[in-house]
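I opened my notebook beside the viewer today and jotted down what I looked up. Here are the entries, in the order I made them.

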Amino acid sequence: MTALWVLVMAIVVLAAFVVVGLVLGARALRQLQESKTADRDRREQTVDDAMAKVDDANAKAASVRAEAAAAKAEATAARAEARRVLEDAHGEADTILEHAHRQAESDAEQVRAAARRSGEREVALLNATAKEQAAEVERRAARIDERERLHADEVERLVERERRLVAMDTDLSAREAALTVREAELAGAEDGRRRELERIAGLTADAARAELIENIESQAKREAAILVRDIESEAKHTADTRARHIVVDAIQRIASEQTAESVVSVLHLPSDEMKGRIIGREGRNIRAFESTTGVNLIIDDTPEAVLLSCFDPVRREVGRLTLEKLVLDGRIHPHRIEEVFDSAKNEVERLCERAAEEALVDVGITDIHPELATLLGRLRYRTSYGQNVLKHLVETAHIAGIMAAELRLDVPTIKRSAFLHDIGKALTHEVEGSHALIGADLARKYGESEDVVHAIEAHHNEVPPQTVEAVLTQAADACSGGRPGARRESLEAYVKRLERIEEIAAGKVGVDKVFAMQAGREIRVMVRPEDVDDIGAAVLARDVAKQIEEELTYPGQIRVTVVRESRVTELAR
């Protein structure tokens, strides 16, 4: 196609040259006709020029024809090349088709082989299944034969028993006839004896019967009174004994250990060099740690260990986790302490949630409001007279459940009442009132039943108990708190004294944070620098010390330290 277009273009160019030559020739002829009077030489020269131009045009035309011939030759060669390429393509296509046929035959053979192997496997599997089914049929036939044999034996035994029953029926009929005759004889003898007795005693049978009945009735009333008295006495004794047995059995089956909360935690260090990094330059790290966490950090001569002292177990656990993370990280400075403190605080909250979930699983309670579960998690670090409140709730629920099972009562409801009876202790520092009434309001708010609510509000007799759930909740609470080693009065009084010390300092104007440290022998008061100046800090320390002396009783002395710190932060860009 390209060669044809080249040929056409060559012809067009040749035609253009011919036309141009003809036009020029015509123009020259006109000039010759118009200038007949011109000089012959000039005319000849013009004719020569025209002839030269014609010759030039003829040469160009010849060149164009030669180019057209070459283009035609190229077109012919191109068509020949195209035919050769087409023949090669046909040959290659035939080769590819032949190869494809061979590959298809090979694949088909493989598929047939695979199908044959699969069929053989299926046939083998079917044969094995058939053999197993045949064996199973044989076993079932054997069992059926055994059952038929046993059935035949049973039929023979039944026939033999029927023969014995018929013989016994005949014997009984004979005995019954003999007994009838004997009863008739005994009735005649009884009438004769009664007439003889009436003659001897001088009383008729009715009078003797009335007198006998009167004597028997008086004797029966006396024996009945004695029996009632004995039954009442035995019932009282049995009830007391059974109640003691139920309570003792419930307590003995609850083998929960009791560990009093300590005010000191020990953190082991990889080396003593870490103590210097914890203290920091001029003690800035330890001051930042104590002011941020509220935990007193004691660094003494104990090798590779430091002590964390705080009466608040939640705060102490947060401080311990904070210091542990700082030691593992190795970067200890005030800003890093604040970051790690927030992380440790969140981790302690997650631990509380996990403790609540474990307690619920231990007791067997699944359907509970999420807010109640959150409040239960707070009780993990709460103590009552040295007894962990969350463990106390679990123990109380188990004791109440055992007693309810012994008395055949509603075990799930009673366990739920006992488990939730101290839920109000999670909010007693936030809401005014008794923890029993607060817990009842919480349970009612979050959809607990009225039996559970009444058991909670009545377990300390703020409300008189009216149901068996309330009574058993009281009993289980007393069992858990009154068993040997469960509680310790001194720890509760100690915690209350520390809480009161913090309350006294927190009630002053300008106070930001208050921390009781050194087991209550030191109180550290953090004030806002914009509200309290240096003189005001001294006055505040004196006022707090004076109020503590007037309101509290404590051994030794208590140091009051007021910390006023100004911090300025700028960014270097």
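Which residues gather in a patch of negative charge on the surface? I found Glu-349, Glu-353, Glu-357 and Glu-358 there. I kept in mind that this is a predicted model. Glu-358, I noted, belongs to helix α7, which covers residues 334-363.

**A nonpolar patch**

Leu-407, Leu-409 and Val-468 make one of about 220 Å². I traced Leu-409 to the loop between α9 (389-406) and α10 (411-419).

**Strand β7**

Then I turned to strand β7, residues 522-527. How many of its residues are buried? I got six of the six, so β7 is largely enclosed by the rest of the structure.

I also checked which way the residues point. In a regular strand, side chains alternate between the two faces of the sheet. Here Glu-522, Arg-524 and Met-526 point one way from β7, while Ile-523, Val-525 and Val-527 point the other way. Residues of both sets are buried, the charged Glu-522 and Arg-524 included.

**Neighbours of β7**

Which strands pair with β7? Strand β8 (residues 559-564) runs parallel to β7, and six bridges join the two. For Ile-523, I noted Val-560 as the bridge partner in β8.

Definitions and conventions
Residues are numbered from 1 along each chain as its sequence is written. This is a predicted model: local features need pLDDT of at least 70, side-chain atom pairs count only at pLDDT 80 or more; totals for chains, interfaces and linings use all residues. Side-chain values use heavy atoms; hydrogens and water are left out. Patches are made of residues with over 30% relative accessible area and no salt bridge: like charges are joined within 9 Å, nonpolar side chains (Val, Leu, Ile, Met, Phe, Trp, Tyr) within 5 Å. Accessible areas come from the Shrake-Rupley method with a 1.4 Å probe; for residues, only the protein chains shown count as cover. A salt bridge is a side-chain nitrogen of Lys or Arg within 4 Å of a carboxyl oxygen of Asp or Glu. The place of a charge is taken as NZ of Lys, CZ of Arg, CG of Asp or CD of Glu. Helices (H or I, at least four residues) and strands (E, at least two) are DSSP runs, numbered from the N terminus. Buried means under 20% relative accessible area, exposed over 50%, partly exposed in between (1.4 Å probe, protein chains only). Two strands pair if DSSP finds at least two bridges between them.
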